[in-house]
Amino acid sequence: MLALGFVSQKNYPMKIPTRLVWLLCPAFILAPLVLGADAPADRPDPAEIPLPPIKTTMTPLPGVDTLPVRKEMPDVLTMNDGTKVTTATQWQQRRQEMRQILEYYAVGLAPPPPGNVKGTVVQTQMVVNGTIKYRLVHLTFGPEEKLSLDIGIYTPATGGPFPAVISPDGAPFGATPLSRQPNGPTQGHSQDVLLIVGDGKTTTATTSPVAAPAAPAGTSAPATRGGFGRGGTAESAASRGAAKDYLDHGFAFVTFSYTDCGEDTTLRNADGSWAFRNSRFFPAYPNYDWGLLRAWAWGMSRIADYLVTDPAIDKDKLIITGVSRTGKAALVAGAFDDRFAMVAPGASSGGGTPAYRFSGVGRGGKEGLNEMVRKYPNWFSANLHQFWGQQDKLPFDEHWFMALVAPRPFIALEGAQDQNVVINGVRQSYLAALPAYQFLGVPDKIGVSWATRPHGSVQGDWDALIAFADKNFFGMKTDGWAFDKFPAEAPIPATTQPSAQ
C-alpha cells in the first residue's frame, strides 16, 4: 500500500491525475537509446575532451583526490571546522559555507544581482470572461541594461496583492521568440557528451520564427506566442491545468521560458567550451563559471526583483516551482535567494532532490551523479564531473539545497512511479535536511508529496503545492494531507533505463 502525500478530504478533494502538463523533453519520446546508453562506467572515459577552465573569483577548493570518503550525508549543522551549530548566528554562517561549497562543486558561481531590473508592460489582456488579467512584461537588466527576459503575469482581476506561483512553463504569450542554437549531436541519447567538440563553425542560432507584433502598453490585443510549450492563447492558458487552479485559488501565476536565460544545449565550440555560453546571459559575465541550472535560477531571481515592486503581487508570498530540469533550477533558486517564500521543485530527479549517495547504478538505480555528469554536464559546475564514481567523496549532497531554504516552507513534489527518481534518495535527502528545520523550530515546514504518476506533473502535484501554501502562509488546516510519508520502493527491472529528461 502506497503512503501518498495527497489524500482526499473535503477541502482538498482528490482529483484523478490524468493530465501531464509538461512534455518534458522531445528526446524522451523520439530519441532511441543508442550506443552508449548502457549504465555509465565507474570512472569517466579517458577520451573525454575537457572543458577549458573559466577563471573566477572563487578560491579553489580541494579536488576529489584529496577529499576524504564520507559515506554518511554531510551534516547541515556542523561547520567546516567541526563546530556544531547552536545559535542563529552560527546557522547564518553555516549557510554561507554551504552556499560557497555548492557554488564551487555543484552549480557554479553566478553574478551578483544586477540591481537595475526594470519592467515594461508590453500588453495587457482580460481573459476568462474578464476574471483574469494577463500582462506581458519585458524585463531589462545587467551591464548597460543589455539583458532582457519576457514574463507573463496572470492575476485575478480584482483584489490583491496575491501570492504568486512562478513557473518556467514556456514563452509568455505575445513575447518575441528568440533564436535558438541546435542541440548537441548526442544530446538526449544517454551518451557521454564530453567525447566530442564542435566543428569550429559559428553556433549562432537557427532562424527565428516570425513573432506576433507586440501591442502597445495598455491595449488588449490578443497574445498568441508561447504558452507552456504547446501554443494557444492567454485565454486557453488561464483556463486549464495548474494555471487555472492557481488562479481559481486566488494566486497569481507567472511564467517565462527558461531557455531565454540560457540555451539548453550540449553543443560545444571548437575549443571545447560550451556553446550555450555564446548567448543569452552568459556573454555579459565571462568570468563566471555558472552552469545552466544556476543561470535559470538567476533568471528566476530577476523575476523576483520585478515582482517585489508589483503592487498586484504579495512580495512576501513568492512561490518558485518547476518540473524536471526546471524543478532542479527551482531548487537552486530557493537555496540562493531568500525572497522565494516557498520552494516547490517538481519531478526534479537526478541532480535534484534525490541524494547522490543513494541514487544511480549500485546505489538504488535510476538517475544518479554518474548519469547526470555524463548526459547533462552543461547543467552543473564543471567541478562536479570529478566525482563521477566517487560520490562518497562529495563534501555535500542534495539535501543541502533543501536545508538552505529553512525556515521557509519547502515541499518536494514527487511521483511514486517516476522512472528517474529513487524514492530512498528523496527520503535520505529529506531526513538529512530535516535537522535544519528542527533546529529552527519549524519541522513541519519541510515536506514531500507523492502523486501517482511517472516523470512529469499532474493534478496531485499542484493540489499538494496549494495545500502546503495554505498551511504555511495562512495557517489553514490540511486534514488528510500527509507531507512526511514515503511510498514503498518498487522493484526496478534489470532492463529499465532512466529516461532522457
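Where is Arg363 found, and between which strand and helix? I began with this residue, keeping in mind that the model I am reading is predicted.

**Entry on Arg363.** I located Arg363 in the loop that runs between strand 7 (340-346) and helix 7 (369-375). I then looked up how open the residue is, and because its relative accessibility is 24%, Arg363 counts as partly exposed. Setting aside residues up to four places away in sequence, I noted that Arg363 touches Tyr356, Arg357, Phe358, Gln391 and Asp392. I also checked Asn424, which lies 61 residues from Arg363 along the chain, and found the C-alpha atoms of the two separated by 9.7 Å.

**Entry on Asp310.** Is Asp310 buried or exposed? I found this residue in the loop between helix 5 and strand 6 (313-323), and I recorded it as buried because its relative accessible area is 6%, where the cut-off for buried is under 20%. Apart from its neighbours within four places in sequence, Asp310 is in contact with Arg135 and Ile153.

**Entry on the nonpolar cores.** I turned next to the largest nonpolar core, which has 97 residues, and saw that Ile151 and Phe396 touch the most other members. Helix 5 (residues 292-307) gives the most to this core, with 11 residues. I also wrote down a second, separate core of 34 residues, whose members include Tyr154, Ala237, Ala242 and Leu247. In general, nonpolar side chains in soluble globular proteins tend to be buried together. Returning to Phe396, I listed what it touches beyond residues up to four places away in sequence: Pro74, Ile101, Leu102, Tyr105, Ala106, Tyr356, Arg357 and Leu384.

**Entry on the second largest pocket.** How many residues line the second largest pocket, and which lie nearest its centre? I counted on the record of 28 lining residues, of which Leu51, Pro52, Pro53, Ala382 and Asn383 lie nearest the centre. The space in this pocket comes to about 630 Å³, and by class its lining has 18 nonpolar, 7 polar and 3 charged residues.

**Entry on helix 10.** I finished with helix 10 (residues 459-474), which has 16 residues and reaches 22 Å from its first C-alpha to its last, close to the 22 Å expected at 1.5 Å a residue. This helix is mostly covered, with 14 of its 16 residues buried. Just after helix 10, I noted that Gly475 takes a positive phi of about 65°.

Conventions:
Residues are numbered from 1 along each chain as its sequence is written. This is a predicted model: local features need pLDDT of at least 70, side-chain atom pairs count only at pLDDT 80 or more; totals for chains, interfaces and linings use all residues. Side-chain values use heavy atoms; hydrogens and water are left out. Helices (H or I, at least four residues) and strands (E, at least two) are DSSP runs, numbered from the N terminus. The expected span of a helix is 1.5 Å times one less than its number of residues. Buried means under 20% relative accessible area, exposed over 50%, partly exposed in between (1.4 Å probe, protein chains only). A nonpolar core is a set of buried Ala, Val, Leu, Ile, Met, Phe, Trp, Tyr and Cys residues joined through side-chain atoms within 4.5 Å. Contact means heavy atoms within 4.5 Å. On a 1 Å grid over the protein atoms alone, a cavity is a set of points where a 1.4 Å probe fits but cannot get out, and a pocket is an open set with protein on both sides within 12 Å along at least five of seven lines; lining residues have an atom within 4 Å of a point. Grid points are joined across faces, edges and corners, and a volume is the space filled by probe spheres set on the points. Ala, Val, Leu, Ile, Met, Phe, Trp, Tyr, Cys and Pro count as nonpolar, Asp, Glu, Lys and Arg as charged, and the others, Gly among them, as polar.
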